Amino acid sequence: MGLFDFLSSAGEDKLTAKVEVSQDRINELRQQNITRKIATLGLPERSVSVAVDGEVATLTGSAADQATLEKIVLCAGNQHGIGKVDCRITLLP
């Protein structure tokens, strides 16, 4: 078909409307995203839970080895809005 040009400033401007989002909802969305990202790593983690409170992500559970634990921590720490990761993951023998 081809490339079509449009005036980008035309049309309804609903995308710039401000929406109020509670901190609890933001925490929930960040927690879900971190959990999803950890699952896509394909790591042999045993069971890891994520809780988010503002800029802090708390990881609990267990990991198979140190390398897996570090990858999980990096995955959580690279989430937008997360400034600290409280790692409470234990290594299993």
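How many disulfides does a search of the whole structure find? The search finds zero. This is a predicted model.

## Cysteines

A disulfide is a covalent bond between the sulfur atoms of two cysteines. None turns up in a search of the whole structure.

C75 has a relative accessible area of 15%. C75 is therefore buried, because buried means under 20%. C87 has a relative accessible area of 33%. That makes C87 partly exposed.

## The sheet

Three strands form an open sheet. Their order is β1-β2-β3, and the pairing is mixed. The edge strands are β1, residues 47–53, and β3, residues 84–91. Each of these edge strands pairs on one side only. From one strand to the next, the twist averages 10°.

Strands of a sheet pair through backbone hydrogen bonds, either parallel or antiparallel. Strand β2 covers residues 56–63. β2 and β3 pair in the parallel sense, over eight bridges. In this part of the sheet, T60 stands opposite R88 in β3.

## The helices

Helix α1 spans residues 23–40. Helix α1 lies across β1 and β2. Its direction runs at about 155° to β1.

Helix α2 takes in residues 66–77 and packs on the sheet. Helix α2 touches β1, β2 and β3. The direction of α2 makes about 155° with that of β3.

Conventions: Residues numbered from 1 in each chain as written. Predicted model: local features only at pLDDT ≥ 70, side-chain atom pairs only at ≥ 80, totals over all residues. Heavy atoms only, no water. Pairing = 2+ DSSP bridges. Helix = DSSP H or I, 4+ residues; strand = E, 2+ residues; numbered from the N terminus. Axes fitted to C-alpha atoms, helices over the stretch in contact; angles between N-to-C directions. Contact = heavy atoms within 4.5 Å. Disulfide = S-S within 2.5 Å. Buried < 20%, exposed > 50% of the residue type's maximum accessible area, 1.4 Å probe, protein only.
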